[in-house]
Amino acid sequence: MIDKKILYHIFSSFVMFVALSSCSRDKADMDKFVSELMGRMTLEEKIGQLNLQVAGDIVTGDAQDTAVLSEIEAGNMGGIFNLKGVGKIRELQEVAVNKSRMGIPLLVGMDVIHGYETIFPIPLALSCSWDSAAVEEVARISAKEASADGINWVFSPMVDVALDARWGRVAEGSGEDPLVNSIMGRAMVRGYQGDLSRNDNVMSCVKHFALYGAVEAGRDYNTVDMSRLRMYEQYFPPYKACVEAGAGSVMSSFNLVGGIPATANQWLLNDVLRNEWKFDGFVVTDYASINEMMAHRVARNKKDASCRALLAGTDMDMCSRGYIETLKELIREGEVTEDDIDVACRRILEAKYKLGLFDNPFKYCDTTRRQTDIYTKEHRERARAIATETFVLLKNENSLLPLKKKGRIALIGPLADTRSNMTGMWTVAAASERSLSLKEGMEKALEGKAKLLYAQGCNLMADSVAQADAEFGKHIKRVNSASAGLEALRVARESDVIVCAMGECAEMTGESSSRSDLSLPDEQMSLLKELAKLGKPIVLLNFSGRATVMTWESEHIPAIMNVWFGGSEMADAVSDVLFGSVSPSGKLTVSMPRNVGQLPLYYNHLSTGRPVEDGEKKFRKYASNYLDVRNDALYPFGYGLSYTNFEYYDFIASKNVLNSREDSLIVSVRVANEGNMNASEVVQLYVSADCFAFARPKKELCKFARVEIPAGEERNVEFILTGEDFCFYSNQGVYGYNKTYNAGTYKVMVGPNSAELSSVQIELR
Ligand code: NOJ
């Protein structure tokens, strides 16, 4: 009798062999096809493939307008982006296929950041669900909707680790932790791309490579400068994870990396991305970033900038028209060769081949799918359910939440009755006005069982010009603050409980939305303080796309829930949680600061020579601390409450010694739901090295599990750890740093958040 394991082994080797040989056959077919095609293309047509232009009406930088149709017909465009509507897209595709000499179809891109028409919570909020399966589903649904409307390429995921909440684009990523960004990024790539032979999957574009999240002082488009070790440890892992998940394209970032713009950075794009990580897709610039090299003062003119970008490994030029205008001349001058252009052109044609566009250029132009695949009941139900997982309950004194559907409830604040601000930033395809406002959602949920009294109460901010800048078109009614405030106080006095919908408006985060003050804006803060004086129970629903400062609120407001921006179904989802049909289960993926001066603030910081423990309240002279604020977060990374109570016990490791990279052990912990409501808990595991040649963070997230535990039940949560989990980047390799296995003593810590952990000691030999 042959052993079952051996049979399994033979079978899987055979499957692997078949998969690999069909893979190389596919690759050989693709190579042959693309070579034959390129053999018939003129130099101009090859350069045309490297040109990407906006064809819609969303312009975010210093781009040049073009007459799109004639450019496509002339073979001067490889792709277009941010054009909505399958009809219009089909027209352009027809010109490319039927009127241009080579008939090469277009890549059709879009910023599909957190949904297409069905909008999901902003990515930062999604990461607070710690639910990678849900995040993958979000991307799958987004791909289905986008592809039904003509899109074949999405500029997502953004996996820029961000430690400074002043940066508005914190909203677009998964927070401060490299592991969380890696897991969520990978899930999105899988969700978007799935099986590209289908017509409801799209190619993903990982961005912004690299380090965009580290802009100094959180000011958008600002300088970045950091050590290579830090890049490898803290910033690179998510991009690498997405590449390993098979992302078809990567977008270079606006910023400098080691003094050279990412778009012209040979080390970054060729050495690290292609040679070390084996990325085999194409690299596209961010919006007009070839042009921006002149403003960076690293290129004299567009020709110089284009030359450097191409030679560094940038294949496609988004909106600078640098390649289309200067590459021919650069060839004549001998600065670049036709081979350099061939390399880039081949990668773009390969992407089109992988998408199946050469088999059927109209694969994504099925005009009937709009009716069946977009903004469906099913998608919206999933968006509502997923949104409920993203809210983070930060405080709930005397179990004020959930609210009962009875009596009189006051709903106050500038975010309470604005439909357009529910979906959040950067929703190119959404019809935001279609969403219910919170007021409408709560009224619906109350079914007449309680009376909802509403007052806007104040403006988003006192300065109307500043408010208009922040709103960016998603207008919130201006009111006379004195009379609106009095009305809010009257409504509040007449009510049993006050719900405040306050915070940032949707476009106060995202691109070009950096802030230097992260407190509740002026008028809102004053009104909240007046309401607090009434001594009634108050629930603050904090709308935000970043970590905000809520130090005063944490002392004076009994219940606080961060609701971020929850997408098109946010109003229903907030009502589900507010009235207790679902327990909140989100946990922070960003540390909430006590004040802006603490930024950048993140839990996995390095130790200093004069350390101060997290939690130390008193100032110590000549230690690494501030005179006027503690070091630690107001609400730490990983933190979030539930309507139920989870107890952790029996935390054990199956053994305490690991002998090699491959050796493994299991740590387990029992988690009991001691309340009377079914709920989910995110169990977190951190590691820390006792001592190492290079400084290590005091703790680093290593594993996590989101577990559903019915009321009164408990679950045994197990994590497998191998020697690999204790490997760090330390020794210099060919391109950058390599990971090494390091003998020594480590702590493995488990708990409900980064500040409440139990630990066991492990030895690596
Ligand atoms: C600029 C942004 O940085 C990037 O994220 C986006 O994909 C492009 N514009 C295209 O709109």
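Predicted model: local features only at pLDDT ≥ 70, side-chain atom pairs only at ≥ 80, totals over all residues.

Reader: What kind of peptide bond joins Lys-207 and His-208, cis or trans?

Author: It's cis, with omega at about -5°. For context, most peptide bonds are trans.

Reader: Where else is there a cis peptide bond?

Author: Between Leu-401 and Pro-402, with omega about 0°. Pro-402 sits in the loop between β11 (392–396) and β12 (408–412).

Reader: OK, ligand next. Which residues are closest to it?

Author: 15 residues surround the ligand, and the closest are Asp-111, Arg-169, Lys-207, His-208 and Asp-286.

Reader: How far is a polar side-chain atom of Lys-207 from an oxygen atom of the ligand?

Author: 2.9 Å. For Arg-169 the distance to a ligand oxygen is 2.6 Å, and for Asp-286 it's 2.5 Å, again from a polar side-chain atom.

Reader: Switching to helices: at what angle do α7 and α8 cross?

Author: Roughly 15°, with the axes of α7 (178–193) and α8 (228–244) coming within 8 Å. Angles under 35 degrees count as roughly parallel, so α7 is roughly parallel to α8. The crossing is right-handed.

Reader: And which residues meet there?

Author: Among them, Gly-185, Arg-186 and Val-189 from α7, and Pro-237, Pro-238 and Ala-241 from α8. By class, the contact has six nonpolar, four polar and two charged residues.

Methods:
Residues numbered from 1 in each chain as written. Heavy atoms only, no water. Axes fitted to C-alpha atoms, helices over the stretch in contact; angles between N-to-C directions. Helix = DSSP H or I, 4+ residues; strand = E, 2+ residues; numbered from the N terminus. Parallel < 35°, antiparallel > 145°, perpendicular 65-115°, else oblique. Left-handed = near helix turned anticlockwise from the far one by under 90°. Contact = heavy atoms within 4.5 Å. Nonpolar A, V, L, I, M, F, W, Y, C, P; charged D, E, K, R; others polar. Near = heavy atom within 4 Å. Polar contact = N/O pair within 3.5 Å; in protein donor to acceptor, adjacent residues only side chain to side chain.
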